[in-house]
2 protein chains.
Amino acid sequence: MGIQRRPLREQIREELLLRLDRGDFAAGKDINEVVLAAELGVSRTPLREALITLAGEGVLESNQGRGFRFAPVSSKEFRELCEIVAGLESLALELSDPDELREMAPELLRLARGFPDPVAEQSEIEWHDDEWHDLLLGRCPNERLLDLVTSVKAGMRRYTHLIAGEDTLLEREAEEHCRIAEHLRAGDVPAATAALRDNWISGMERMTSRIPAAPGTA
Amino acid sequence: MGIQRRPLREQIREELLLRLDRGDFAAGKDINEVVLAAELGVSRTPLREALITLAGEGVLESNQGRGFRFAPVSSKEFRELCEIVAGLESLALELSDPDELREMAPELLRLARGFPDPVAEQSEIEWHDDEWHDLLLGRCPNERLLDLVTSVKAGMRRYTHLIAGEDTLLEREAEEHCRIAEHLRAGDVPAATAALRDNWISGMERMTSRIPAAPGTA
DNA sequence: TTCATGTATTCTGTATTCATAATTCAAGGT
DNA sequence: ACCTTGAATTATGAATACAGAATACATGAA
């Protein structure tokens with residue numbers, strides 16, 4: 001590829017999401033723009049542009065005069081996000097060409113089975129999960145829908161690090177992925193859609209207990 | 001209410017959406033930030049913040065070095081947006097409390113019937129339609145979902161002015177709204193959901209013919 | 001001691017300035 | 001005549017500067 005020339009705001013946005021994954025930011029804590037800009041080696045302007053973008057995606061919240069903060073986690077919001085993603089992903093599946101889905105099923109199955117690798121890195125696992133879902137939706141012709149899914153999932157990143165080191169959760173996940181892939185291989189899209197919904201809803205229920213109740217935990 | 005103190009970027013965003021509704025902007029035409037900022041009486045900074053927000057919502061698109069432009073309309077995108085909103089609104093309906101929906105049904109019916117008012121203003125009609133859908137979804141407990149619907153609908157505003165003066169379209173719309181409300185009154189949420197989906201899909205098909213094919217029409 | 005009030009400080013929100021990429025147009029060469 | 005090339009112009013992307021709101025703190029009264 002040639003020299004990449006992308007707006008700083010996008011690079012900053014990605015860097016912030018990365019840091020979010022690493023759990024660098026205390027949720028609910030105000031962001032100091034000057035400090036963060038200095039840390040990133042950029043000026044406040046593109047930083048603020050990135051912050052505004054993230055606020056639009058629900059990753060951050062902004063209050064007049066008090067700037068931005070990483071939105072505190074709450075089981076209610078997590079539930080809401082899961083419901084949304086479940087709806088969007090199953091919609092994407094319904095809009096995909098059934099034949100192409102069937103073609104893709106073996107690959108999906110292979111990926112799902114190779115899930116609980118020996119002792120994979122945590123970040124590796126999360127990436128793996130994302131990749132599986134991306135592959136699943138890749139054939140959906142509705143590009144706006146795919147963008148939307150990506151955007152909403154960005155808002156869920158605050159919750160992903162909570163599953164750190166939970167092997168049982170991941171096994172259940174892999175199991176359900178297999179089931180979805182099986183349905184697709186059989187050409188039964190409605191069943192696959194239902195299984196996908198279940199995947200998100202049950203995942204939500206498994207997670208919801210480990211979300212701290214009190215919002216203002218310093 | 002007290003004194004309103006909101007960031008300029010939000011006010012600017014709304015003003016731009018308003019102008020979009022009025023059809024002030026030629027789709028596909030580049031936006032000159034200096035000129036527009038002067039026109040609005042603000043500096044480029046909050047204007048750019050609003051533009052970035054709108055780009056995140058899909059109303060605008062931005063290309064490196066070439067700034068922002070109102071995304072050209074395309075029947076493909078319109079179809080995609082309709083599919084998304086249909087999915088999101090029916091999801092919202094499914095997540096609502098059936099009893100509350102039934103309580104609300106008479107009001108919905110009343111509004112739907114009062115639809116094709118004598119010779120209402122175009123903007124009035126659009127507002128009326130929005131209000132009906134807002135009322136329909138108002139009882140959904142998933143706040144994030146409602147925000148998302150609002151955001152996606154903002155991206156559809158570029159298409160609303162295309163229905164100007166199409167009475168038959170509006171009549172069909174009112175008719176379908178009645179049908180949805182009837183289902184809700186009967187307590188049949190699945191049927192209402194299906195009707196809502198149909199409402200969007202058929203609306204899409206009715207509209208799709210009047211979207212100019214060529215993107216670069218000055 | 002506790003609460004209220006005034007002041008100082010910090011940080012955001014907005015404006016302005018600067019640098020550089022993109023576009024336009026004209027001149028020269030094929 | 002047409003294409004290429006380069007300078008000039010224009011507009012964006014980014015940095016800096018400024019004004020005002022929000023917060024913290026200290027001082028004083030009840």
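Visitor: Which helices each supply at least two residues of the surface near DNA strand C?

Guide: In this predicted model, they are α2 (33–40) and α3 (44–56) of chain A, together with α3 (44–56) of chain B.

Visitor: Which parts of DNA strand C do the atoms within 4 Å of the protein belong to?

Guide: Sugar or phosphate accounts for 65% of these atoms, and bases for the rest. Consider the phosphate oxygens in particular. One is 2.6 Å from a polar backbone atom of A:Ile31, and a backbone N or O atom of B:Leu8 lies 2.8 Å from a phosphate oxygen. With A:Arg48, an N or O atom of the side chain takes part, at 2.9 Å from a phosphate oxygen.

Visitor: How is a pair of aromatic rings described?

Guide: Such a pair is described by the distance of the centres and the angle of the planes. Over all chains, the count comes to 4 aromatic pairs. The rings of A:Phe78 and A:Tyr159 have centres 4.9 Å apart and planes at 40°, so this pair is tilted.

Visitor: Why does this pair tie together parts that are 81 residues apart in sequence?

Guide: The reason is that A:Phe78 lies in helix α4 (residues 75–95) of chain A, whereas A:Tyr159 lies in helix α8 (residues 157–160) of chain A. Both A:Phe78 and A:Tyr159 are buried.

Visitor: What is the angle between the ring planes of B:Phe78 and B:Tyr159?

Guide: Their planes are at 35° and their centres 4.9 Å apart, so the pair is tilted. B:Phe78 and B:Tyr159 are buried.

Technical notes
Residues are numbered from 1 along each chain as its sequence is written. Chains are lettered from A and ligands numbered from 1 in the order in which they are written. This is a predicted model: local features need pLDDT of at least 70, side-chain atom pairs count only at pLDDT 80 or more; totals for chains, interfaces and linings use all residues. Side-chain values use heavy atoms; hydrogens and water are left out. A residue is near a molecule or strand if one of its heavy atoms lies within 4 Å of it. A polar contact is a pair of N or O atoms within 3.5 Å; within protein, one must be able to donate a hydrogen and the other to accept it, and residues adjacent in sequence count only if both atoms are side-chain atoms. Helices (H or I, at least four residues) and strands (E, at least two) are DSSP runs, numbered from the N terminus. Rings of Phe, Tyr and Trp (its six-membered ring) pair if their centres lie within 6.5 Å; planes under 30 degrees apart count as stacked, over 60 as edge-to-face and the rest as tilted. Buried means under 20% relative accessible area, exposed over 50%, partly exposed in between (1.4 Å probe, protein chains only).
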